[in-house]
Amino acid sequence: MERFILRVLVLVLLGTTIGGFAGSCSNVMLHLPQEQPKTVAANPPKTAQNAQPGATGAAITNDSTPHPATTGAPPQTESVAPAPTGPGGATGATTAEAKNPWFISLEEAKALHDKGVIFIDARTFIEYTEGHIQGAMHCDKKYFDGAAPKKVRDYLPGQEVVVYCHGAECTDSEALVKRLIALNLNIGPYHIIKDGFPGWQEKNKTDPKGYPIDKGGEVGFQ
Amino acid sequence: MSVVGARPAAAGDTGPRVGPADVAALIARVLIGGVFLFAAYAKLSDPQSFSESIQAFRITEWDPFVLFSTYALPCTEAIAAVMLILGLWSRAAAFVIAGLLIVFIVAVISVLLRHLDVHCGCFGRFRLFCGPEIAWCKVWENSVLTAITAVPLVLGGGRFSADAALRNKP
């Protein structure tokens, strides 16, 4: 019996020692950093005038609309993006969410959407096809099993991005942002919609033009 | 050298006859060992996802524990699985795996009772019988694995094990 207990202890100690050592050398990111990564804006989003080329005023449209950032604007003069104390031009900077460098309110998200900033849907593809913020790119964290997805490398470097999933209880947006930061592709600043897609959907019911939603597959990020 | 038994052949015996207990122990060892070795590989190949799964369980928010568990759990799984497949210290390895499975069952039930939307990360991006989402299916899956683990725990490694070979060593 003593030998059995000894063997069990040896196995557990061996596993935990090796695991503890590996953990101490690990580069796993448990939380988003306190500050956003410094980025160089290579391709600033377009103006609000052409931000919604497909917006027809319908609450939900069946045809997905290409996002303005995917329509091929030539690279602009490089400039270091300012430290993100809140999304540029967004309203409501005094809200509790604005104190966190990552989370934004729905109103701030709308302002960024109007500006033409790239939105990323971090939910599953099935949920994305059932409804997503107009012009959003779909990017599940599962896509990062190997090399970064081509659309990430093609469209996101130098871009400010807004990520969303199911809202406050959802961790997929943070998980996706961690992976995007780890790529070191000069993406950012990053913003996460605190209320997620459910919050946007609620706003869509009262203000379909301001908070447009599309259904169907992804358009414009192939 | 070999002992021609007056008593019936049993798992762990060194006699020439192979009994059903030896076969059952071998199958259970390879099956459970294989499953856990694969589970360990899936977790260690994507530690970022596994750490997020541990955080999503909301059992603790103490970062050093989360980081430690991210690697210690799969490493312990891998070592116990290899030992079980080889049949070396079979009962101890089976005990460790059974202990892990019971911890997993308790964790899954706690998530279900708290109505959390969690992907377990048990097999990384792969799946065994149940999907990655935490559901009662996971409790049954782990219970079945625990029952199979009980075979080498009770019977030992059987005749086709390193334990038996070492016992036979002159």
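Rings of Phe, Tyr and Trp (for Trp, the six-membered ring) pair if their centres lie within 6.5 Å; planes under 30 degrees apart count as stacked, over 60 as edge-to-face and the rest as tilted. The model examined here is predicted, so local features need pLDDT of at least 70 and side-chain atom pairs count only at pLDDT 80 or more, while totals for chains, interfaces and linings use all residues. Side-chain values use heavy atoms, without hydrogens and water.

By this rule, six aromatic pairs are counted over all chains. One of them joins A:Phe4 and B:Phe95 edge-to-face, at 5.3 Å centre to centre and 80° between the planes. This pair crosses between chains. A:Phe4 lies in helix α1 (residues 2-24) of chain A, and B:Phe95 in helix α4 (residues 90-113) of chain B. Helices are DSSP runs (H or I, at least four residues), numbered from the N terminus. A:Phe4 is partly exposed, at 22% relative accessibility. B:Phe95 is also partly exposed, at 40%.

A:Phe125 and A:Tyr128 form a stacked pair, at 5.9 Å centre to centre and 15° between the planes. Both lie in helix α4 (residues 125-130) of chain A, three residues apart, about one turn of the helix. A:Phe125 is partly exposed at 40% relative accessibility, whereas A:Tyr128 is buried at 0% (buried, under 20% relative accessible area; exposed, over 50%; partly exposed, in between; 1.4 Å probe, protein chains only).

A:Phe119, A:Trp200 and A:Tyr211 form one aromatic cluster. Charges also sit over rings (NZ of Lys or CZ of Arg within 6 Å of the ring centre and within 35 degrees of the ring normal). The charged end of A:Arg123 sits over A:Phe197, 4.2 Å from the ring centre.

Definitions and conventions: Residues are numbered from 1 along each chain as its sequence is written. Chains are lettered from A and ligands numbered from 1 in the order in which they are written. Helices (H or I, at least four residues) and strands (E, at least two) are DSSP runs, numbered from the N terminus.
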